[in-house]
Amino acid sequence: MYGSEAVSHDSERTAFRKAEKKYKLYYDHNKSSKKKKQPRPVDLSEVIDFESILDSFNRNGELPPETFLSPCDFDRPVFCLKSRPGFYFIPGAISVEEQCRWIRESLTSFPQPPNRTNHNAIYGPIDDLFLAARERRVLVEENSSYAGGGSDSNSFACKVDGPIWKFSKEPGAPSRGNMSKSMLASVLLRKLRWSTLGLQFDWSKRNYDVSLLHNKIPDALCQLAKKMAAPAMPLGEEFRPEAAIVNYFGLGDALGGHLDDMEADWSKPIVSMSLGCKAIFLLGGKSREDLPLAMFLRSGDVVLMAGEARECFHGVPRIFTDNENAEITPLELQFSDQDDLCFLEYIRTSRININMRQVF
Ligand code: OGA
Ligand code: MN
């Protein structure tokens, strides 16, 4: 989505690309064995673990030589890296209750029109995707001659200029001898990769399209972003979240190395919140040739990138969905209500990242 898919032969050899390959999920195919395919073991010994850094800091006040404590006035430790000025890591910044709240919102309200998602380009705006997946509905392409026709109580129409897609309880019925195209809502939910809040980002032009209809970022999320951004803000200045990108990761998904350079003022931080399964984050330097640092991102961690760190390549080569490594037990306990099973089922194999920006 950041144009990282089209990697040239040369970029295969950059330090950043090598690190992505090192941590990426690969499966070992053992044709002679009937056992389930096994993920290739990965050496995690060089991955910075801010949770254990926080633990030992709380126990004995000690920090690894490459890290230091931000001198800001914050209600919990904020860590910095000597080699990456402008980068801040706040382990466990978001309470489990709040994590659950933002997971719910990320799945129900954030993908709602006029917010755009990766599905817009194909299906137009889709309403209530999460509900439709829960109710096992199917998104069906309507024959255009029916466009504007009456809608029954079991469906809600999606209005687009091209073909019309709407949710139905049944798969596409044959029309004029052809099967209508249809797609399970649950499959579309699994394929949800991003939604945008506030000012809408145009991925094809790689800029913010201020002419697109949009809602403000919800107030509670703005308040949270303002509080979290404080360690990276000049004294007395307040962060103004104007746009957010919500990334959804499933098993095997990655976010290729990129820079977020479409915002006017790079001195303002990007505030990035992790939810759900644990991931590996790569923080490179200003060139793809610079050796990236790898670190774990867990549910509830917040990362800030401001100033020089805004110019550093970064990405997420891997998420962990297995019981041992996902580290989502607190979320599982919090989502134990019968009504929350749908959220639990999603988050057990997914990660969500909410990335908030001040654009102007
Ligand atoms: C982004 C980004 C990082 C993450 O959306 O620009 O860098 O932790 N996300 O998912
Ligand atoms: Mn980014």
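Student: Which parts of the chain does the pair H258 and H314 tie together?

Tutor: H258 is in strand β16 (residues 255-258) and H314 in strand β21 (residues 314-319), so the pair links parts that are 56 residues apart in sequence. Strands here are DSSP runs of E with at least two residues, helices are runs of H or I with at least four, and both are numbered from the N terminus.

Student: Before we go on, what kind of model is this?

Tutor: A predicted one: local features need pLDDT of at least 70, side-chain atom pairs count only at pLDDT 80 or more, and totals for chains, interfaces and linings use all residues. Residues are numbered from 1 along each chain as its sequence is written, chains are lettered from A and ligands numbered from 1 in the order in which they are written, and side-chain values use heavy atoms, with hydrogens and water left out.

Student: Why is H258 called buried?

Tutor: Buried means under 20% relative accessible area, exposed over 50%, and partly exposed in between (1.4 Å probe, protein chains only). H258 has 5%, so buried is the word. H314 is also at 5% and counts as buried. Across the protein chain, buried residues make up 50% of the 360 residues.

Student: And why is R206 called partly exposed?

Tutor: R206 has 26% relative accessibility, so it counts as partly exposed. R206 sits in the loop between β13 (201-202) and β14 (207-208), and its phi is near 55°, a positive value in a residue other than glycine. Most residues other than glycine have a negative phi, and most peptide bonds are trans.

Student: Where is E327, and what is its phi?

Tutor: E327 is in the loop between α8 (323-326) and α9 (329-334), with phi near 55°. At 30% relative accessibility, E327 counts as partly exposed.

Student: Which peptide bond is cis?

Tutor: The one from P113 to P114, with omega near 10°. P114 belongs to the loop between α3 (96-107) and α4 (120-123).

Student: How do you know that β4 and β5 pair?

Tutor: Two strands pair if DSSP finds at least two bridges between them. Strand β4 (residues 79-81) and strand β5 (residues 87-90) have two bridges, in the antiparallel sense, so they pass. C80 has Y88 in β5 as its bridge partner.

Student: What is the strand order of the open sheet of eight strands?

Tutor: The order is β3-β4-β5-β20-β17-β22-β15-β12, with antiparallel pairing. The edge strands are β3 (67-69) and β12 (194-198), each pairing on one side only.

Student: What makes α3 a helix that packs on the sheet?

Tutor: Contact means heavy atoms within 4.5 Å, and α3 touches β15 (243-250), β17 (270-276) and β22 (350-357).

How values were computed:
Axes fitted to C-alpha atoms, helices over the stretch in contact; angles between N-to-C directions.
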